[in-house]
Structures are given as structure tokens and as C-alpha cells.
Amino acid sequence: MTAVTDPVRVSATLKGDGDGMTYPILPPRNNDSAGGLLSVQRDLGALDGAALRETWDARLGSREFPYRSGVWRYRELIAPFPDGDIVSAPEGNTNLYCGEGITRCPGCRVTGCKLANYAGVERVAMKHEGENPTASFKDRGMTAAISHARHAGAVTVACASTGNTSASLAAYAAKAGMRALVFVPDGKITSGKLGQTLAYGAQVVQIRGDFDAALALVQEVAASLPVFLANNINPFRIEGQKTIAFELVQQRGWRAPDWLVLPGGNLGNTSAIGKGFLELYDLGIIDRVPRFATIQAAGASPFARWFTSGFDHYEPMQAETLASAIRIGNPVSRHRARKIIERTDGVAIAVSDDAILDAKRAIDMAGIGCEPASAATLAGIKELRAQGVIAADADIVGILTGHVLKDAEATVRIHLDGPAARPPIVIEPSLAAVERLLSQS
Ligand code: F0G
């Protein structure tokens with residue numbers, strides 16, 4: 001076993017899901033010889049888990065590049081790129097709201113307890129990945145993918161997106177001085193995400209088709225043109241994203257929760273966070289792996305349906321949901337996500353758009369806030385508790401994937417009409433008018 005000395009010397013190779021063969025990390029490739037995805041592998045048996053944990057704790061609060069980042073803090077398990085190739089904002093270091101050891105809940109006066117009450121459980125902690133530099137969890141994977149692109153000398157980077165990946169790619173490409181090309185479904189991403197992507201200087205290509213068509217197109221583009229693909233097909237995206245698991249376990253004093261609940265779209269995040277937990281387990285840093293619950297919107301739920309069939313019958317679907325970030329009908333990482341659900345005795349369920357909006361209102365009104373897709377997490381916890389799958393006293397961590405400002409249209413809509421509407425009111429600018437207002441409520 002080696003103590004942790006030089007993180008760049010922890011070598012990594014790529015392994016094909018399809019052919020099981022090993023490939024070098026350069027030149028970048030998107031698939032193995034059988035068309036399978038590639039994942040980063042390293043010899044964990046040669047690493048000392050206790051020493052890694054100590055190193056990672058020592059880096060907390062570091063001001064040294066790149067260790068301030070909540071991704072590169074775990075550099076030994078991210079990528080063997082030299083400092084000069086790392087493109088970091090920095091990212092991560094996101095809050096874990098409520099939950100044991102983070103915020104106490106005396107007399108249920110703190111926000112987290114409102115969420116536990118809402119879901120009918122005793123406690124729930126929410127890790128808010130909307131607190132990343134471009135306001136979604138995508139930055140964790142993107143710092144690793146764009147560093148890979150720089151390592152490979154890429155000039156142009158591209159992705160397909162429902163809006164968050166594109167904003168993240170645009171920002172990191174801008175930092176790295178690369179040209180960014182993003183393919184998005186025409187009219188199906190929020191104005192906030194479109195504005196963000198344009199603001200960071202990417203070339204936006206709106207396609208007449210959905211996310212699934214955009215992803216197929218960008219894969220074709222990357223296979224035939226000198227364009228670096230930065231979707232979560234890129235194996236280093238997964239390496240960066242898995243640090244959600246590392247960071248939340250570190251925030252909890254290196255204890256894994258009973259349940260890890262998150263929204264599912266293309267299912268890269270289920271795969272990545274699952275990989276993160278399994279690596280910590282294999283290193284002896286945690287003594288068990290949480291059960292995973294992947295929550296999809298009912299109108300975009302091919303994975304939940306596949307799970308319900310006992311993973312017997314898979315069918316892509318024409319996706320439709322107001323949670324536009326997860327409007328995906330044929331998730332590319334489904335096989336990997338299936339392995340995580342099976343390995344962790346997990347579940348995959350679908351929740352309605354109404355349940356998502358209701359949960360979003362609860363998260364927003366707790367002073368935390370998130371975009372609709374993220375609220376699938378809380379709607380899912382509530383549903384799984386109602387079904388008796390999650391016990392009332394379970395130790396649960398949910399992932400909020402995107403910031404409340406990502407979809408202002410949805411938020412305003414919730415408060416303008418519907419059962420709990422609280423539209424803004426217009427008054428004259430006088431003390432009397434405010435007095436009248438206060439006397440009414
Ligand atoms: N939540 C948000 C806010 C997202 O943006 C996404 C995916 C997900 C959840 C689902 O994660 O795909 O790993 O299962 N957004 C991608 C994008 C598709 O293009 O921004 P997943």
C-alpha cells in the first residue's frame with residue numbers, strides 16, 4: 001500500500017463496459033470497440049483508505065490550487081492530470097442542509113425539519129448542488145471533463161443538454177479558452193439556462209428534436225469531427241460527479257446514510273454517485289453503501305418502468321414533463337444506473353409533475369429553493385415513505401441538483417395560480433397602504 005504523496009502518480013486507465021478491455025486516457029475516446037461506455041479504473045487495492053481520508057481532511061479549507069475545490073480535494077481518485085491542465089472554478093463545497101452533525105433542529109425551528117415533516121419522516125438532509133459556480137451539480141463533472149480536454153489539447157468542446165450541462169460547459173470552456181458548441185432541444189430549455197449559456201460565450205445550436213436526438217447528433221459529430229465530447233459519456237465527467245458522494249460523507253464525519261435519493265434523467269448522476277460510494281466502501285472508508293432511490297418524472301420515466309418490470313422490459317419513451325432538466329426519454333447511462341440500483345438494493349420510481357411542483361413549493365418555502373427537477377427528490381422521499389419503502393426513522397440524504405433561479409418561470413407560475421397561489425400585489429407607495437395590507441393578513 002502506498003501512502004498519499006503525489007496524487008498525479010495514481011495512474012488511471014479506461015475500461016470498456018461493452019468489451020471489458022483497457023484503454024489509455026489519451027487520446028480521448030467515447031466508446032469501446034463494442035460501442036459500450038468507458039469508465040475510469042484504478043487499482044484501489046494499492047491505495048491506503050485511512051491515509052486518503054487523512055489527506056482529504058487536511059485539505060478541507062485549503063487555499064492551495066486545486067485543493068480548494070470540492071472535486072480536486074479528492075484528486076487521487078479523480079484524474080492524473082498535472083496542475084497546468086486543471087480547469088477549476090473552484091466547485092463543490094456545497095451545503096448539506098439539516099441532518100445530524102450539520103444543523104441541529106431544536107423544536108423544529110430550522111428549515112430542514114420542515115422538509116422532514118413534509119415527507120413524513122423524522123429527518124432528512126439535503127445536499128444542495130445548486131450552490132456550485134454555475135448553479136447546478138454539472139460543474140463537478142465539467143471541471144474534470146474540461147481538464148481532460150485541456151490534457152488532450154482539445155480546441156472545441158461540445159455537448160447536448162437540457163440546459164444545465166450547456167451552461168456549465170460554456171463557463172468552463174470560457175475559462176479554458178476553448179470554443180464551446182452546445183446542442184439543445186429547441187424551445188425546451190428555460191430562459192435562465194439559455195441566457196447563462198449565451199452569456200458565457202458558447203455557440204448555441206437549437207435542434208428540431210428532443211434531448212435524446214441532440215445527444216445522438218453530438219455523438220455523431222464527435223465521432224467524425226475534431227470535437228471533444230463533454231457529455232457524461234466522457235468518463236472523467238463521472239469521476240468529478242462522484243465527489244458528491246465523497247463530500248457528503250466527509251461532511252457527516254465519514255458516515256454513509258441509509259438512503260441516497262436523487263432525480264434521474266440521463267442517469268449519469270446515479271451512476272457517478274453510486275461509483276463514489278462503492279469506491280469509498282472498497283477503500284474501507286465507509287462500512288456500508290446507502291440504498292439508492294432514483295426518482296423520475298412520470299412523463300419521462302423509462303428507467304422507473306424498467307425497474308418496475310424487474311429490469312425485464314425496457315422501452316424508451318417520448319418524454320414530456322415540466323421538469324425540463326429531466327425531460328429525457330432514452331437515458332444513455334441506464335445500464336450503469338441499473339447496476340447501482342441492483343448493487344445497493346435500491347429502487348426507481350416515478351412521481352407526477354403535480355407532486356414535483358408541490359415538493360418544490362415546500363423546498364422553496366423552507367428557504368432553500370431549487371429548480372423543479374431537483375424537487376423530484378423530496379417528492380420521491382414522500383412517496384417512498386407513503387409506500388413504506390423508506391422507514392420513518394431512516395437516515396436520508398437527498399440531492400438537490402439545481403438552483404431555484406434556474407427556472408424562474410416555473411416558480412412564478414406556482415405562485416400566480418394553482419391551489420396555493422400568492423401573487424404579488426400592487427399598492428400606492430404610502431404608509432397607509434402598507435398599514436391596510438398588514439391589517440388584512
Ligand atoms: N437535475 C437537474 C437539475 C439536471 O439538470 C439533470 C440533468 C438531472 C437532474 C438529471 O441528472 O441526467 O445525470 O440523471 N441534466 C442534463 C443537462 C441532462 O443537460 O443539463 P442525470
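## Helix α6 and alanine 216

Helices are DSSP runs of H or I with at least four residues, numbered from the N terminus. By that rule alanine 216 belongs to helix α6, which spans residues 211–224. The structure is a predicted model, in which local features need pLDDT of at least 70, side-chain atom pairs count only at pLDDT 80 or more, and totals for chains, interfaces and linings use all residues. Residues are numbered from 1 along each chain as its sequence is written, and side-chain values use heavy atoms, with hydrogens and water left out.

Alanine 216 has a relative accessible area of 46% and is therefore partly exposed, a class between buried (under 20%) and exposed (over 50%), computed with a 1.4 Å probe and protein chains only. The C-alpha atom of alanine 216 is separated by 24 Å from that of glutamine 196, 20 residues apart along the chain.

A nitrogen atom of the ligand lies 2.7 Å from a side-chain N or O atom of threonine 401, and a polar side-chain atom of lysine 138 is 3.1 Å from a ligand nitrogen atom. From leucine 267, a backbone N or O atom lies 2.8 Å from an oxygen atom of the ligand.

## Composition of the shell

By class, the shell around the ligand holds seven nonpolar, eleven polar and two charged residues, with Gly counted as polar and Asp, Glu, Lys and Arg as charged. Helices α4 (164–176) and α9 (268–282) each supply at least two residues of this shell.

Definitions and conventions
Polar contact = N/O pair within 3.5 Å; in protein donor to acceptor, adjacent residues only side chain to side chain.
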